[in-house]
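Please open the structure in a viewer and keep the selection tool at hand. The stops below proceed from the whole chain to individual residues.

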Amino acid sequence: MKRIAFLTAAILLQSCSSVVDHTQTSTLSDADKKQLVAVTQSLPAEHQARYAARHPVETLGFFGIKPGDTVVEALPGEGWYSKILLPYLGAEGRLVAVDYSLDMWPEFGGFATPEFIAQRKAWPAQFAVDAKTWGGTYGAKGEAYTFATMPAELTGKVDAVLFIRALHNLARFDAKGNYLKQALAETHRVLKPGGVVGIVQHAMPEDKPDAWADGSRGYLKRSYVISTMTSAGFEFVGESDINKNPKDDPQADDNVWRLPPSLSGTEEHKAKNRLIGESNRVTLLFKKK
């Protein structure tokens with residue numbers, strides 16, 4: 001009986017090892033977490049105002065980002081996470097910001113004027129300048145490229161690639177130029193063996209129509225992200241619930257930009273959507289096989 005009980009326990013343990021742990025938390029040392037907290041608390045109040053919705057300490061801790069790492073940050077925008085990462089990674093670290101391929105921007109139409117495209121062309125140089133200010137005297141080296149121009153010397157040098165609210169447009173336009181496929185192939189190329197990919201993505205509930213989750217509304221389904229990543233050569237490690245918001249329940253005409261911080265729509269809609277808060281997001285961790 002003891003042998004049967006032992007074998008049963010072993011089988012259960014083995015089966016549980018493949019089950020995703022929805023409660024995973026920080027993998028950082030106490031010293032690294034203390035440093036990350038200190039950096040986040042040193043930033044201006046307007047930056048800290050988003051912490052309750054974005055949980056940067058918990059998110060970067062879950063992804064295992066450490067001082068001294070080489071990190072690729074996809075589509076950093078105005079640098080909300082860059083302003084945390086540059087001082088946190090420190091002088092031994094490196095932050096590589098990566099924009100969409102320039103060929104992708106015209107797909108947006110509307111705002112993607114020739115003047116806008118010219119600004120995107122100039123962005124890598126501007127990011128390098130901004131990074132020196134954001135990182136301070138002891139911050140990481142900051143540099144920037146596009147997914148079409150990441151240098152060959154990065155191959156196998158990167159500890160982590162972060163896609164924080166950055167996948168939906170790549171998916172939205174993938175059929176027109178393989179933009180998502182290119183981004184994930186480049187991610188796989190630059191990562192070290194066992195290097196990680198951290199994803200925070202606006203998430204459409206699985207029971208909603210797939211047409212609502214093609215990226216054009218800002219949302220993707222968790223199942224789509226996992227399937228796409230595993231097909232691209234990454235192993236699903238786990239997920240955290242830290243960025244979930246069950247109040248975000250998109251309906252037929254809703255997109256993610258109706259919510260803070262964008263708050264598009266009428267004043268009546270804005271008042272309603274402020275009560276929802278920022279979007280519901282999945283937080284997923286993968287590693288290079």
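The protein chain exposes about 14,300 Å², of which carbon and sulfur atoms supply 56%; accessible areas come from the Shrake-Rupley method with a 1.4 Å probe, and for residues only the protein chains shown count as cover. This is a predicted model, in which local features need pLDDT of at least 70 and side-chain atom pairs count only at pLDDT 80 or more, while totals for chains, interfaces and linings use all residues. Residues are numbered from 1 along each chain as its sequence is written, and side-chain values use heavy atoms, with hydrogens and water left out.

**The whole chain**

Display the C-alpha trace first. Along the principal axes, the C-alpha atoms fill a box of roughly 75 × 50 × 40 Å. Of the 289 residues, 48% count as buried (buried means under 20% relative accessible area, exposed over 50%, partly exposed in between, with a 1.4 Å probe and protein chains only).

Switch to a cartoon view. The protein chain has 12 helices and eight strands; these are DSSP runs numbered from the N terminus, helices being H or I of at least four residues and strands E of at least two.

Select Val72, which is found in strand β1 (residues 70-74). Val72 is buried, with a relative accessible area of 1%. Beyond residues up to four places away in sequence, Val72 touches Val96, Val98, Val158, Ala160, Val161 and Leu162, where contact means heavy atoms within 4.5 Å.

Although Leu75 is not a glycine, its phi is positive, about 50°. Leu75 is partly exposed, at 24% relative accessible area.

**Helix α6**

Now select residues 82-89, helix α6: six of its eight residues are buried, so the helix is largely enclosed by the rest of the structure. The buried residues are Ser82, Ile84, Leu85, Leu86, Tyr88 and Leu89. Gly90 follows α6 and has a positive phi, near 75°.

Which strand holds Glu143? Glu143 is found in β3 (residues 141-146), and is buried at a relative accessible area of 7%. Show the side chains of Glu143 and Arg94: they make a polar contact at 2.6 Å. A polar contact is a pair of N or O atoms within 3.5 Å; within protein, one must be able to donate a hydrogen and the other to accept it, and residues adjacent in sequence count only if both atoms are side-chain atoms. Leaving aside neighbours within four places in sequence, the residues in contact with Glu143 also include Leu95, Val96, Ala97 and Phe127.

**The loop between β7 and α12**

Finally, select Asp248, in the loop between β7 (234-240) and α12 (267-276). Is Asp248 buried or exposed? Asp248 is buried, with a relative accessible area of 3%. The side chain of Asp248 reaches the backbone nitrogen of Asn280 at 2.9 Å. Pro261 is found in the loop between β7 and α12 as well. A cis peptide bond, with omega about 5°, joins Pro260 and Pro261.
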